[in-house]
Each structure stands twice: as structure tokens, then as C-alpha cells.
Amino acid sequence: MAGEYAFISVPRKSNNSGRATGKKNYIILFRWDDVATFTKDEKGVRVTAFALQASKKPIGVYATQSTINVYETAEGDDDARGFIQHVDFEHPGSEVEFKEFLNNNVNENLGAIVINCAGDDCKIAGTPCTPLKMSTAEGQDNNEANKTTINLASSLRGDTLGVIAKSLIPLTDDDTVNSVLGLTGAESSQGGGV
């Protein structure tokens, strides 16, 4: 089949491939229970369709830009290896709305999308069967800082992080966040249904 993975060489894309890339300072979070459509291509990385149920929207959570880290780690025994997906970030301050977010999502099955400052490919962490969980949320309010460090991680091994085109990302519930992230309203062209 044309879309299946072929065992081919993977050369360096550019002289600066390893350079750190800037990320937009909002993490898009959504609950997997709210997702109506989620499919990947035959290679298991690129998302080909993504839509939330008609009445649902993702949210944007502010993150200190330099602290955003989205990555995967391979682990497991022979014949059982897979990837644990992670999204780590710091949120400055300790406002009531952020505490409410933590308290009401600590046990939810979450997904996260991180948008780079350049390019159309964004990273999506979590899947319906390997969602992200809030593995730690550590607050600090002392003479050095007032912040919360969040670590989201999948609790089961699965595929590597996904890649989603910015055009597939639905609008969040906040117009300012949408503007900062450059979102234009994917849900109108993606529709609902499974």
C-alpha cells in the first residue's frame, strides 16, 4: 500500500535540525471524552482527521514559553516496548481559575497540542486509548517564584507523539488565545461524527 511505512534512510533535514524551536505560549488541552473524530495515517504518526463533538471546545492554558517540553520516552521489555508521551510546562501565578482547572482535571483523560512559532506541523500528545494524565502538579509560592509545574504523561505505552496540521486544530473557547495561536476555525471544515 502507498501509505505504509517503508524502511528508508532518515537524513538530517537541515544544518540546524537540532536547534531549539520556539513554541506558542499556550498549551491546547482537551478531554478525550469530547473527541468525535481522531484518525492517523497508516504510519501511525500524522493525524488525518480531528474534531470535537459539536458543543465542545478545547481550552488554552498559559505556559511560560521557555518551560514547554513535549517529548516521548521509549520503555518496556522485549516485545512490549512503546512510548510514554509527556507534556511538561510551568504556569506562573496561583490564581483561582488555574486552581479550579487543576482540581477538576486531575483525573481526566487529556490530550494536548503544542504549536511551534513557525511551520504548520504541531505536536499532539495522547490518544483515545493512551490519554495523558496529570502525573504531577507541583506548586511553588516562596521568595524565588510563584508558579505551578505541570507534568502530563500517558499512563500506558503506545505510539510516538503525533503530528497534526494547524488547519485541523479546532478553535478554543477564548478569542484571545485563538488569535495568539493563529487558529482560524478548523471545526467548521472538519464536521462532527466518528
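Start with I28: its bridge partner in β4 is G60. Strands here pair if DSSP finds at least two bridges between them. Helices (H or I, at least four residues) and strands (E, at least two) are DSSP runs, numbered from the N terminus.

A word on the source. This is a predicted model, where local features need pLDDT of at least 70, side-chain atom pairs count only at pLDDT 80 or more, and totals for chains, interfaces and linings use all residues. Residues are numbered from 1 along each chain as its sequence is written, and side-chain values use heavy atoms, with hydrogens and water left out.

Back to β1. Strand β7 (residues 110-114) also joins β1, again antiparallel, through four bridges. There, L29 has A112 as its bridge partner in β7. So is β1 buried or exposed? Five of its six residues, in the run 26-31, are buried, so the strand is largely enclosed by the rest of the structure. Buried means under 20% relative accessible area, exposed over 50%, partly exposed in between, with a 1.4 Å probe and protein chains only.

Now the whole chain. It holds three helices and eleven strands. From the N terminus, the order reads β-β-β-β-β-β-α-β-β-β-β-β-α-α. Of 194 residues, 38% count as buried.

What about overall dimensions? The C-alpha atoms fill a box of roughly 55 × 40 × 35 Å along the principal axes.

Contacts next. Take those between residues at least 6 apart in sequence: 67% join residues at least 24 apart. Contact means heavy atoms within 4.5 Å.

Charges. There are 18 positive and 26 negative side chains, and the centres of the two sets lie 6 Å apart. Lys and Arg count as positive, Asp and Glu as negative; His and the chain ends are not counted. Each charge is placed at NZ of Lys, CZ of Arg, CG of Asp or CD of Glu.

Where is K99 placed? It lies in helix α1 (residues 96-105). K99 counts as partly exposed because its relative accessibility is 42%. K99 and A51 are 48 residues apart in sequence, and their C-alpha atoms are 28 Å apart in space.
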